[in-house]
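These are my notebook entries on a structure that I am reading for the first time. I set down what I looked up, one topic at a time.

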Amino acid sequence: MLKYHNIKQWTAIITTTVFIAVILASCTKNFQKENASYSGPASATLQQLYTGIGANLDIAADIAGDNSSARWLYPITQLGAVYAASDYSYIQGTSWTEFYQNLPAMNQMLTTMKASPDSATYINAEAMVKVLRAYEAIELSNFYGDMPYSKAGKAFSGSTADLKVPYDKQQAIYLSCLSDLAWAVNHFTTSGTQFSFSNEFLLANNIGQWKKFANSLRLRYALTVYDKDNSDAGPIIADALTKPLLSDPVADEIGLSQVNIPNISFDISGAGRDAFFRQESRARMGSTLWNLFSDNNNTDGSGIFDLRCNIFFERNGDTTGNKGIGKWVPYPQNPITPITDGGDPYNNQRDQDWTTNKVGNLYSDYNYYWGRDGNISGSTGACPEIFMSAAETDFLVAEAYAKGAGVAQNYALAQTAYVAGVTSSLTFWKNMAFNSSVWVVNKPTSGTPTSAELNSVLTNAKVAWNTGNALSLIYAQEWIDLFRQPSVAWTLMRRTGSATPADAINPAGYKQNYGGLQRYQYPSDESQLNNANWQAATGGNDLISTKIWIAK
Amino acid sequence: MEFSTLYEPRNEYRRFSKILLVMKLTTIILITACLHLSAASFSQSITISEKNVSLESVFKKIEKQSGYTFWYKIDLLKKAPKISLAVKDATLDETLNLCLKDLPLTYAIVQSTIVIKPKAGSNIAEVMELPVPIKITGKVVDDQGQPLMGASVKVKGTTAGTVTDINGAFNIDVPENGILLVSYIGFKSQEVTVSGNKPLTIILVASGGLNEVVVTALGIKRETRSLGYAAQTISGADMDKVNPPDIAVGLMGKIAGLNITQPNGVEGASTRIVVRGNNNLFGNNQALVVVDNVIIDNEPVQPKGAVQSFADALNKGNTDVSQPPVDNGSFLNSMNPDDIESIDVLKGPTAAALYGARGANGVILIVTKKGTKKKGFGVDYNYSLRINDPYRFIQTQHEYGNGMTEDLYSANPSFYQNGNGQNREEQIEGDPYGSTGNIPGAYISPGVTSAAGGPFYNYIGFPGDGASWGPKMSGQPLVWWDGTTRPYSPNSNIFQSFYKKGNTQTQNISVSGGGDLGTLRVSYTRSTNDAITYNSNNSTNTFNIGSSINVSPKVKIDATASYINLNKFNPPNIYGESGSSGNIGVGYMTVYNIPADYKPIERGLTTLPDGSRNPILNQAPWGYGQQYYWWNTYNDNTTLTQNQLIGSISLNAEITPWLRAVGNVGLDYYTNQYVTQDYPTDAAGLLGSYGYDLATKTTNNLDGRLVFHKDKLLKDFNASFSLGARHYYTNMYDIASNNPGPFNYPFVFNLTNYNGATPTVLNPTENRYVQEINSVYGLLNLSYKNYLFLDISGTNDWSSTLRPTNWSYFYPSASLSFVFTDAINMSAVKDWFSYGKLRISEAESANAYLPYQNGLTYGPNNTPGFTTGLNLPGTFPTNIQPQRSRSFEIGSDLGFFNDRLNVNFTYYDTYSDNQILTAPVSASSGVNSVLINSGALRNRGIELTVAGKVIKTSNFSWDITVNAAHNQNKIVALEPGINSLQLGSWFGSDGVTMKVDVGDNYGSIYGYGYKYAPNGQKIVNSVYADGYNTGNGPVLGSQYATSDNIVKLGDATPILTGGISQNFRYKNFSLYVLTDFKIGGQIWSGDYATIMGQGLAPETVYERDGNGLPYTYPDGTKANVGVILPGVIAVPGSSPVQYVQNTSVVNSWWKYAGNYQSWDNDPIVRANSIFNDSWGKLRELSITYSLPKEFVQQTKVLQTLSFSLIGRDLFYLFTTLPDKINPESTVGTGNVQGIQFGGLPGVRSYGFSVKAGF
């Protein structure tokens, strides 16, 4: 039996033992709570993933589309000129990164929806995701050619095999995506029982427009590969032409817009329109596009017949040189000897003082408002980050009929589509400038082109329909309309074997500077971290001069 | 499986208060229990129920219950038969009478001692008559006369014994002519024969360096002889001898194998402390700091609660060390050196096994002062003043001023002209990139050139504005940017105007005393530092209380508390290109943007009379923000206020003679508050900004253990076994918000005073960091005859940062110490070989991971318009296991000539595998990285310490200690399929990177090297008007071709590090000298690359001064400024490529600008700026005069007084870097230690200190 003094002695022993035991007993009690991440949730809803996908599409459109790649794609496509090569290297990693971040999210969404007991209610959502996946995959493939696709984005399986992804041929990517697009076109439904995203960033759940968008993309991509794989592409073109296509010049402009995305930024992380249209871009109006806007080189602009000239570009600001102030002076697209230019035409100070920073600027610039559109606080009516336009769709239809691609050649239908395309383009761009709240100087007075303005273009010898020259005309006008989508214009240029407009002066100069640029190199993590597959795809020669499969 | 369902989301945050409660309760319970224990000791109510037991064991029970001590001859009891006894609540007399009932023995009680003696008349009376004990009082002191508390005093041949009190005093009953055995840990035991009863003073002599006491893991004091691993102790006084700015700096060069670096040597900057090399591929490789049992967070203090090692571990080697953040220092910067009693460095996992995870990198154990009894008032006062003098500046040329390619068109370069046609100073922002910023080639007429050849930055990247390729300076009148005409002339030291002499002052007052209850020391220290840069200073107030309390003879409590209040005003920004607020880095700016003709005029033009920023600064050159350097220096103010409380209570209770309970409670609590006020730049007071950032961090340590110990467990064997548990919990929370302006109300610094367009910018950010580790451990110590010692430990940790299947893990350790000189008869060599010990140990440790990494975290989106979206996690976490380290160590401690010469040697081999790392994977997999266990590192090395008392006489002595260490840190394996991982870079992949490659040393430096032709010659690229090697037209320039891939340029691992300290004493004068050194280890010098490329280095003027080859400028003028880059060129158009000797004479500009500097846009040969970075330094010097005690004490007030002249970092004995580039200016304290950039001037400091005792 324990005695009193013993009890006291043992008190300390027991206390210490209890203390140790308490630590042991509670040793893992709060661990999971303590280690749970506070910076973000451990799961995501369909809506959250969908919005996240939209964010990455926006980043790709903004940073990759407007910034670094635009510095190169404008002179490559001759949609504009630069007076010295960009300091930014000819690389494009943003679209790659954003796509491969989206791909597993898209796949996870599709899996979740398919596995849901009420999967039938997710048909529209499934179709939207498939359309976006196809759009993003093919546009990315047009930068790089072959790339990881069918086995990509599967790291969350936990299998180490999925960390190193084999490359798919560009053709396989196209066919897979075209099949997804067909599924979407055939399954979009207006049934009231469908799940819908409460924030649908692209088209605000307008299923009719989604269907048109998906079908128009089919036309774009099937025509893109038609010359390489007409047996697959032909039936798709034929089918697409029987289904709804984008048609309204304004309402059917598909892209990331202020209308559907309140608070959208067009200058994410200091990159985007505002960043591109700065001194570093050295961007000027090139002679190639000028030649399609003006009948002559009169610097007073008396030869301009296309209203888009005033929207895309502005006059120079030279006060001392021999070219005169306020003149239309295109920068030679491919100067024989390099010519520099001065002034600071894209300086934000021009909001307050229109002229000072133009001093010393010899050549016509991109319209100042392209840098400011959507980037001034509270601005409305900004040009969206365009995915696809009604005008482009019209030109694709015109091309199909003019070429007899998938359908019988039919110049009449081609001409109708061509005229519709030009009209649509003129309407869109004029409306865009009219609606943009930042546009002040040289703002159009109405949002729709007058018939005189339309006729001025449609009847001009450089534009007027001509069966003998149909494809050139179609490609030229499509190319102009792709003014804010230089990457799509680049694809058009490559798939048509450079049938898009090009300046006739000094083609050798163009060839030397830009002719070798056929694709982007894969991001360096591919050669470093996915080397075996990268080797298999490139043979160790990941060259920017290698033509991708779609290129002629 | 969906990972999203694995864990519940965090929903509450009440952990902290709960832990505090547990801590409080535990402390109260332990103290209460022990107080009861001591009260029980004097009870006279005895209860015993025993059968057939020895008399001795019954006496022991009585002793325990009564508090009385028995006194008897052992032999007397040995003859007594066994007895049986049953008493309940009996008195002492009753009990004793029953015990001795049938025996020939009787007793007498003398005070609290029971004397057992034979009964009168018994037959053993004659021989066994015991002398009556006499009471002896005495005192045990050391050879300095300081009392030794806790010394053991025993009577030889009996069980009687006691322990000295706070004054070293004891009293004990001893028979006449009895022998006292006095022992104390760390001192030689002594036997004293008692004669008479006069008070004794027993002086114990320290047992020498080889038997010193070290504090080991968990605060356990051990004699060095018993340790099977290397541990080194340094006293606080030795660390603090020359008033180091902080403890880490005070340890530099003093401990073998301890590598301490302080980037740029700026006072107040954080330090990197690595023991025996890096054990982690990524993340924290620094030693653990423990102060009085409190595990301290020594991470660099960063805004927004950022944790550097956390960031380093997770960012997959993407750290760009060209732009590290402002260094705000770390804990060791604010810990007051004056309060340190001793510092023990436990090297490697063996020593630190008990600290588990974080101890794997070695442990710095700091023990603070607890006070001693002193003569006089017990007050000590120290004052020291050091002047910090920036004296060693990078050398530059003084002949050619500002200019870039515009000066390469003619032998008679012209100046730029302003609007009035006057020559102006060049390098107005944009000059190099403007109309004449092209490589000369298609010269048209002066001032008019074409772009042929292309912009130079396509070949060499972007130079800084310090580019000094301009015309020769000969006093030509030039209009400066402020409109004033000044001569174009050299500046003898272009960097000097940015620095000034700083100073550091420390005042410390402490009161220390002791009594029967214990000791107490209270101190206050104020330390101030005025930096060597302008408008930057800091001050620290430290209040420290340390005490050791004897609650009862068997219960002792050590308690310490420090309150540290640190105020840092504008910590210098060394590197940043531009701070988010505040300034551009001064090191970066000076080395990169200041040309040879620099005139320091901005400072005087900074502010208008109305207080606003002078708009004329807009016209100043240097477009990276330097034009506002002085405005920012004086108007953008950041104040970091740190309030820290560190408290520790350590309780030690002797429950029974064989059981001790030990409890430690430690708390480290601090708040870091950053207030940033950027004074408005406009007169109206609206264009300012304001930021507030508050971090709160709590770290709790609880440790409790039971120690079962038994001397003479078996014959000659002593044993102790400890069983304990430990709890470590750390919790950081930070909230920060910034008002970027414009303000609504002028000059009001308030977060809500915002009048801008985006109110969301005011949204605060939050950061957290929570981690918990619980452990149980067992520790067995066995010793045989005090010369063979075996320690075995086992620990099991539970860490909150792993998944449940892996969060429990075990690791053992074992060590053996063998003092062979005591075991083997070595009398033959005893004259010179006095002490020898072998030690051997093997240990394992395991390291869990960082918080928040084991599950999936979906990424919230910041993209405007999509802010409700989520992205999939960028990292896929596998179910990681803890990282493991195994360490083997063998060594010897040898003493010669009666310990006049001591040699300690250690060889170690540490293998760290199962590394946890965030391995990058290609983005096409859907993630950027996976968290995996992969890879292994091995550290092998030797450490040597030799300490000698060269001369030792009463008037003169000379001691010398040399320590040296070599460590080899190899990468054994990485993730399968990956042979290389990046640690960090300087300007990305075209710059210089540090990588770990399988088979390489940790810390290899990579960059582009030369490309070689088949014959081994360097290949030169010829620059033509239309590009490289086209063969079209004349050769405009030459540049070395770069290797196809980046190659290894160097290895930052030093071959040998160490220090030599010497103490000379002559009477009351002493001289102390410490030199330390680093031999080997390469560095890539960004400073050298920059000044060479910019034409600032003295080396670059050789050809410009006419010593080059004849060269014709584009305008036809000629000068001897040409060079031919030695090497071969490819014959244009040849296939297969043919190489011929390069014979093109080009402007010498190409040799320097073309081959040294480049930012991240052009690959360039980086091999030119690699150096072997060896140096030796006079680190510490002091001359001290201690006034004679007799003299001082005549004042009746003073007890001691000494004066010292002190000097720190006085000069380099040797360095291998050229142009006086700072050899200790490695960038930051992270794992990238082979890159130098933005070095500050070398700073020496000198001053004096006074120490007075009252």
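**Entry 1**

I looked up what covers the buried residues of helix 8 of chain A, and the cover includes helix 6, helix 7 and helix 13 (390-403) of chain A. I note that the model is a predicted one. The buried residues of helix 8 of chain A are A:A233, A:G234, A:I236, A:I237, A:A240 and A:L241. I then checked the length of helix 8 (residues 230-241) of chain A: at 1.5 Å a residue its twelve residues should span 16 Å, and the end C-alpha atoms are 16 Å apart, which agrees.

**Entry 2: helix 13**

I turned to helix 13 of chain A, one of the elements that cover helix 8 of chain A. Of its 14 residues, 13 are buried, so helix 13 of chain A is largely enclosed by the rest of the structure. I made the length check here too: at 1.5 Å a residue, the 14 residues of helix 13 of chain A should span 20 Å, and its end C-alpha atoms are 20 Å apart, in agreement. After helix 13 of chain A comes A:G404, which has a positive phi near 70°.

**Entry 3: helix 6 against helix 7**

For a pair of packed helices, the description rests on the angle between the axes and the distance between them. I therefore looked up both values for helix 6 (residues 170-187) and helix 7 (residues 207-226) of chain A: the axes come within 9 Å and cross at roughly 155°. An angle over 145 degrees counts as roughly antiparallel, and helix 6 of chain A and helix 7 of chain A are therefore roughly antiparallel to each other. The crossing of helix 6 of chain A past helix 7 of chain A is left-handed.

I listed the residues that meet. From helix 6 of chain A they are A:Y174, A:L178, A:L181, A:A182 and A:V185. On the side of helix 7 of chain A they are A:K211, A:A214, A:N215, A:L217, A:R218, A:Y221, A:A222, A:T224 and A:V225. By class, this contact of helix 6 with helix 7 of chain A has ten nonpolar, two polar and two charged residues.

**Entry 4: helix 5 against helix 17**

I repeated the exercise for helix 5 (residues 123-144) and helix 17 (residues 486-495) of chain A, whose axes come within 10 Å and cross at roughly 60°. Helix 5 of chain A and helix 17 of chain A are therefore oblique to each other. Helix 5 of chain A passes helix 17 of chain A in a left-handed crossing. Helix 5 of chain A contributes A:E139, A:N142 and A:F143 to the contact, and helix 17 of chain A contributes A:S487, A:V488, A:W490, A:T491 and A:R494. By class I find three nonpolar, three polar and two charged residues in the contact of helix 5 with helix 17 of chain A.

**Entry 5: A:L73**

A:L73 is placed in helix 3 (residues 46-77) of chain A. Leaving aside residues up to four places away in sequence, A:L73 touches A:P486, A:S487, A:W490 and A:Y520. The C-alpha atoms of A:L73 and A:V488 are separated by 9.8 Å, although the two residues are 415 residues apart along the chain.

**Entry 6: chain A as a whole**

I then looked up the totals for chain A. Chain A has 20 helices and six strands. Of its 552 residues, 59% count as buried. The C-alpha trace of chain A spans about 120 × 60 × 50 Å along its principal axes. Among contacts in chain A between residues at least 6 apart in sequence, 74% join residues at least 24 apart.

**Entry 7: backbone exceptions**

Most residues other than glycine have a negative phi, and most peptide bonds are trans. I looked for departures from this.

- A:N506 is not a glycine, yet has a positive phi of about 55°. A:N506 is found in the loop between helix 17 and helix 18 (507-515) of chain A and, at 18% relative accessibility, counts as buried.
- B:N914, likewise not a glycine, has a positive phi of about 55°. B:N914 is found in the loop between strand 45 (901-913) and strand 46 (916-920) of chain B, and is partly exposed, with a relative accessible area of 27%.
- B:G741 and B:P742 are joined by a cis peptide bond, with omega about 0°. B:P742 lies in the loop between strand 36 (717-739) and strand 37 (765-784) of chain B.
- The peptide bond from B:S1135 to B:P1136 is cis, with omega near -5°. B:P1136 is in the loop between strand 62 (1128-1130) and strand 63 (1139-1141) of chain B.

Terms used: Residues are numbered from 1 along each chain as its sequence is written. Chains are lettered from A and ligands numbered from 1 in the order in which they are written. This is a predicted model: local features need pLDDT of at least 70, side-chain atom pairs count only at pLDDT 80 or more; totals for chains, interfaces and linings use all residues. Side-chain values use heavy atoms; hydrogens and water are left out. Axes are lines fitted to C-alpha atoms, for helices over the stretch in contact, and angles run from 0 to 180 degrees between N-to-C directions. Helices (H or I, at least four residues) and strands (E, at least two) are DSSP runs, numbered from the N terminus. Angles under 35 degrees count as roughly parallel, over 145 as roughly antiparallel, 65 to 115 as roughly perpendicular and the rest as oblique. A crossing is left-handed if the near helix is turned anticlockwise from the far one by less than a right angle, and right-handed if clockwise. Contact means heavy atoms within 4.5 Å. Ala, Val, Leu, Ile, Met, Phe, Trp, Tyr, Cys and Pro count as nonpolar, Asp, Glu, Lys and Arg as charged, and the others, Gly among them, as polar. The expected span of a helix is 1.5 Å times one less than its number of residues. Buried means under 20% relative accessible area, exposed over 50%, partly exposed in between (1.4 Å probe, protein chains only).
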